[in-house]
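Please read it alongside the sequence and the model.

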Amino acid sequence: MTEPKALEDKFILHWLDDSRAHRILWLLDILQLDYEVKIYLRHPETWRSPLQLFDVHQLGKSPVLEIVFADGRPQIKMSELGFIMQYLLRYYDPRNILNPVSQDLQLKVDYFLHYAEGTLQPIQMALLVNSTAKHVAPFGSRKIVSTITKAINNGYYKHEWYLNMKYLDQRLLRNGTGYFVGDGLTGADVILSFPIYENVFDNLDGVKEILADKRDLKKMYPNLYKWSKMIRNNRSYKRISQMMDENVEDLIAKNPRFDYGKE
């Protein structure tokens, strides 16, 4: 059980646009924790994070979460999405809002925290990198780069992606509640919101282009599509998404100074 004092801790989230950090923000909001968000913007062409984020974490990655403890302990700085989520669910969800009471269901949530980052996202990342490689290759080599990366995607990553989508769709079907674990929203739904809803069902044209497949993914994976609509319409998710859209627009209007490396 979390000590009541822990809920008075303060959180600083280093948030990069179009990144995995959005799920940490959603988690903080659902658990009604006291958080502050520091925004970083990607380079509009290279999509790299700014050098200012490297001052926060040596790899320049997001999310990074700083925790200022109310009891005076030295504050900590955490990275890696699944690790952060597991920590927050363990120590800051005493009412079991997102972490089930049942140990069996808790184990299922923990599984998806690792599955999403360890299995699903690397496949999606490989598909994205291979599909965009031709755009960054030297001009004279773009055709051969495109041929090679397309063959890699067709020979391995597309098969793995379809396999995982079918697996996830069937997991929802077997659970029968509209959620991945139990009968309500859990950390499993939160961590899968980015790779399934944001990367796929909120980006259908982009996915079809990457896969070179015109089939209707909404019909192929009806349970995932229905689940994605639930995520999109979640009150907390809608609120924080609108909040960050407005904050990013306001920040851009101020013409902030972000520095970017040459490589």
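Arg-20 is partly exposed, because its relative accessibility is 24% and the partly exposed class lies between buried (under 20% relative accessible area) and exposed (over 50%), with a 1.4 Å probe and protein chains only. The model is predicted: local features need pLDDT of at least 70, side-chain atom pairs count only at pLDDT 80 or more, and totals for chains, interfaces and linings use all residues. Residues are numbered from 1 along each chain as its sequence is written, and side-chain values use heavy atoms, with hydrogens and water left out.

**Salt bridge of Arg-20**
- Arg-20 and Glu-117 form a salt bridge with an N to O distance of 2.5 Å; the term requires a side-chain nitrogen of Lys or Arg within 4 Å of a carboxyl oxygen of Asp or Glu.
- This pair connects distant parts of the chain, 97 residues apart: Arg-20 sits in the loop between strand 1 (10-16) and helix 1 (21-30), and Glu-117 in helix 4 (residues 103-136). Helices (H or I, at least four residues) and strands (E, at least two) are DSSP runs numbered from the N terminus.
- Glu-117 has 18% relative accessibility and so counts as buried.
- A network of salt bridges links Arg-20, Arg-23 and Glu-117.

**Other salt bridges**
- The whole structure contains 8 salt bridges.
- One of them joins Asp-213 to Arg-215 at 2.8 Å, N to O. Asp-213 is buried at 14% relative accessibility, whereas Arg-215 is partly exposed at 45%.
- Arg-257 pairs with Asp-259, with the closest N and O atoms 2.6 Å apart. Arg-257 is exposed at 67% relative accessibility, while Asp-259 is partly exposed at 26%.

**Positive surface patch**
- Lys-218, Lys-219, Lys-226, Lys-229, Arg-232 and Lys-238 form a positive surface patch. Patch members have over 30% relative accessible area and no salt bridge; like charges are joined within 9 Å, and nonpolar side chains (Val, Leu, Ile, Met, Phe, Trp, Tyr) within 5 Å.
- Lys and Arg count as positive and Asp and Glu as negative, with His and the chain ends not counted. Each charge is placed at NZ of Lys, CZ of Arg, CG of Asp or CD of Glu.
- Helix 8 (217-220) and helix 9 (222-233) each contribute at least two patch residues, and helix 9 gives the most, with 3 residues.
- Lys-219 lies in helix 8 and is exposed, with a relative accessible area of 69%. Accessible areas come from the Shrake-Rupley method with a 1.4 Å probe; for residues, only the protein chains shown count as cover.
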